[in-house]
Amino acid sequence: MTPLHFLLLSVTLILSSCQDLKSGGVLSVQNETLDASEIIAKVNANLTNTLIHGDVMPNLKRNADPCTAVGCKWPKTGSYVYVPVEITSDFTAQERDVIINALVSFHLSTCIRFVWRTTHVDYLRFFSGTGCWSYVGRQRNLQPISLQRNGCVYQNTVQHEVMHALGFHHEQVRSDRDSYVNILTQNIQPGMESNFKKVQTNNLGTPYDFNSVMHYPNYAFSKNGLPTITAKSNPKMVLGGAARMSSNDIARINRLYLCYDTLDAFHVIAKANSNITNTLIHGDIMPNLKRNADPCTALGCKWPKTGSYVYVPIAFTIDFTAEERDTIIKALLSFHQSTCIRFVWKSTEPDFLVFYSGNGCWSYLGRQQKLQPISLQKNGCVYMNTVQHEVLHALGLHHEQVRSDRDAYVTVNTQNIQTGMESNFMKVQTNNLGTPYDFNSVMHYPNNAFSKNGQPTITAKSNPDMVLGRATDMSSNDIARVNRLYQCCE
Ligand SMILES: [Zn+2]
Ligand SMILES: [Zn+2]
């Protein structure tokens, strides 16, 4: 476990042999407008004669995907597949970050773990060669991946080339492609026909995927501006537009490398939550495993304490910009400054928080099992106080205005509440930990929350004009609550 503040110190990551590459520090995500295949085709325009299938180096008599059955898979150690990497000094710090971010994207959805090469015999070396290209599957010894500067250093291109190195071929040469696409050979540039030759791939039970980051665009290697590949179901379908790995790409890696036991939870949860806002209770809290708010902390939803600290493993998806990540990290560090909570980058811990940009801002209450998402929708939720609020939920704390003793302090004006939203004001038998009701809590709703008519839904009994729910930071009571709940001061 690596404390967060340590990783914040530098952008350049210095790691020892079998330690994961961390997604720490301030990594920037370059905006991608071109799709991977388009970029690759453009950059490789002048060197395609020596490459087969566009950007795949002719390799040691191994022909694509089938090699994974005969030795070109990277070996698994325990639950993870460690792939040593090296990035040459060809790249700027920003370009390095793009590459690292693309590599870390595999960590977040698969059991692949890129580690810095030290004495490893077999490893990938990212360098700026001529064009973007990779071998298919693990080779032996130094295995280059070329990412030409000013052309190949994009998240989706790196993912594409890395997927080759993991053993994957282009989608449109899959063994079953003829059921899904037409190859219009009459439009292919002479000498480029081999790029469209089918391969006896192992498709791992995943469907043909027009959105795969491994799919070529409609006009790949066209000699006359007419399409070379069209979807059978819809010839006008735009192909090869993936900005990042598709869920099928991810599923394929997980199946090929048998990652499932540890990592499928994320996709199950993410899928299940895609239409979820109607089912949220109390506005932004996911209905959770029969645990009803605060009382769960007495029944196992507290995060465990090790020595003096409560280590909470976290991960980020690639949804956020460097600035947004910084905001989230700063909010997390605010807990380090005032409580015994210590957020650490997830490595092998089974229970952990994943921050991603979902539908709205929401969190589960208390520790759940395994992967526990916190949604911070971009352009709306990535603020210090919102992150603190959602994290406090994940630590087991409920909204202030549903506290067991709230009726002594606030009036809930049910006549002003939007129909169907009444449950957001239902009291919970919370454990208030001896802290007073706090109008300044970052967990307090504003006066007009869920109002149907502009009239207040919550007012302070002592002063109906009091402004509620405007905390820009955790209050001293919020902090005291965390410290008491987790016995930080003992
Ligand atoms: Zn390729
Ligand atoms: Zn909330």
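UniProt annotations may be inferred rather than shown by experiment, and their positions follow the numbering used here. With that in mind, let's walk through this predicted model.

Q: Which residues does UniProt list for "binding site"?
A: The record here is an unreviewed entry. For "binding site", UniProt lists H160, H164, H170, H389, H393 and H399.

Q: Is H164 buried or exposed?
A: H164 sits in helix α4, which spans residues 155-166. A residue is buried if 20 or more other C-beta atoms lie within 10 Å of its own. H164 has 23 such neighbours inside 10 Å, so H164 counts as buried.

Q: Where is N187 found, and how far is N187 from T228 in space, C-alpha to C-alpha?
A: N187 lies in the loop between β7 (181-183) and β8 (229-231). Leaving aside neighbours within four places in sequence, its contacts include S222, N224 and T228. N187 and T228 are 41 residues apart in sequence, yet their C-alpha to C-alpha separation in space is 5.6 Å.

Q: What percentage of the chain's residues count as buried?
A: The chain has 10 helices and 16 strands. Of its 490 residues, the share that count as buried is 46%.

Terms used. Residues numbered from 1 in each chain as written. Chains lettered and ligands numbered in written order. Predicted model: local features only at pLDDT ≥ 70, side-chain atom pairs only at ≥ 80, totals over all residues. Helix = DSSP H or I, 4+ residues; strand = E, 2+ residues; numbered from the N terminus. Buried ≥ 20, exposed ≤ 12 C-beta atoms within 10 Å, placed from the backbone. Contact = placed C-beta atoms within 7 Å.
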